[in-house]
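User: I am new to this structure. Please take me through it in short steps.

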Amino acid sequence: MKTLQEMYEEIKKSNDLKKALSEAVKAGKVTDFMKAHDCDATYDELKEFVAEKTAQDSPIELSDEELDNVAGGVIPYTHMFCGNMAIRDRE
């Protein structure tokens with residue numbers, strides 16, 4: 001069985017897996033996707049993993065220069081697995 005970290009690394013490297021995960025999210029079949037790819041993580045474990053990864057990848061504090069460069073008060077945000085798609089509570 002793969003860990004969530006191993007699955008994450010595979011998804012990061014594969015456009016096909018990114019697309020498949022995106023489709024699984026839209027269909028509310030994230031758990032089925034994980035099982036099909038030999039990862040025994042639950043949906044809640046995946047959500048927690050994504051939240052932790054996002055927190056690690058996000059800056060906690062912006063420098064004065066970064067604040068000066070923010071246009072319109074919006075900081076671009078991307079999700080770890082699927083570009084701009086969030087993993088939703090569907091399961």
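User: This is a predicted model. With which residue does Glu9 form a salt bridge?
Analyst: The closest N and O atoms of the pair are 3.8 Å apart. The cut-off for a salt bridge is 4 Å. The partner of Glu9 is Lys12.

User: Why are Glu9 and Lys12 separated by about one helical turn?
Analyst: Both residues sit in helix α1, which covers residues 4-13.

User: Are Glu9 and Lys12 buried or exposed, or in between?
Analyst: Glu9 has a relative accessible area of 27%. For Lys12 the value is 42%. Buried means under 20% and exposed means over 50%, so the class for values in between applies. Glu9 is partly exposed, and Lys12 is also partly exposed.

User: How many salt bridges does a search of the whole structure find?
Analyst: Side chains of opposite charge can pair when their charged atoms come close. Lys2 and Glu10 form another. The search of the whole structure gives 2.

User: What is the N to O distance in the salt bridge of Lys2 and Glu10?
Analyst: The side chains of these two residues meet in the bridge. Lys2 is partly exposed at 23% relative accessible area. Glu10 is partly exposed too, at 30%. Their N to O distance is 3.0 Å.

User: How many helices and strands does the protein chain have?
Analyst: From the N terminus on, the elements run α-α-α-α-α. The count is 5 helices and 0 strands.

User: Which share of the contacts with a separation of 6 or more comes from residues 24 or more positions apart?
Analyst: A contact here means heavy atoms within 4.5 Å. Residues 24 or more positions apart along the protein chain account for 70% of those contacts.

User: Which share of the 91 residues counts as buried?
Analyst: Buried means under 20% relative accessible area. Thr31 in helix α3 is one example, being buried at 16%. Across the protein chain, the buried share is 30%.

User: What separates the C-alpha atoms of Thr31 and Ala41?
Analyst: Thr31 lies in helix α3, residues 30-36. Ala41 is 10 residues away along the chain. Their C-alpha atoms are separated by 7.6 Å.

User: And what separates the C-alpha atoms of Ala20 and Phe33?
Analyst: Ala20 belongs to helix α2, residues 15-27. It is partly exposed, at 26% relative accessibility. Phe33 is 13 residues away along the chain. The C-alpha separation is 7.8 Å.

User: Which residues gather in a patch of negative charge on the surface?
Analyst: A residue in a patch needs over 30% relative accessible area. Glu45, in helix α4, has 40%. Asp38 has 36%. The patch is made of Asp38, Asp40, Asp44, Glu45, Glu48 and Glu52.

User: What is the value of phi near Asp38?
Analyst: Asp38 is found in the loop between α3 and α4. Its phi is positive, in a residue other than glycine. The value is near 60 degrees.

Note on methods. Residues numbered from 1 in each chain as written. Predicted model: local features only at pLDDT ≥ 70, side-chain atom pairs only at ≥ 80, totals over all residues. Heavy atoms only, no water. Helix = DSSP H or I, 4+ residues; strand = E, 2+ residues; numbered from the N terminus. Buried < 20%, exposed > 50% of the residue type's maximum accessible area, 1.4 Å probe, protein only. Patch = residues over 30% accessible without salt bridge, like charges linked within 9 Å, V, L, I, M, F, W, Y side chains within 5 Å. Areas by Shrake-Rupley, 256 points an atom, 1.4 Å probe, with all protein chains shown as cover. Lys, Arg positive; Asp, Glu negative; His and termini not counted. Charge placed at Lys NZ, Arg CZ, Asp CG, Glu CD.
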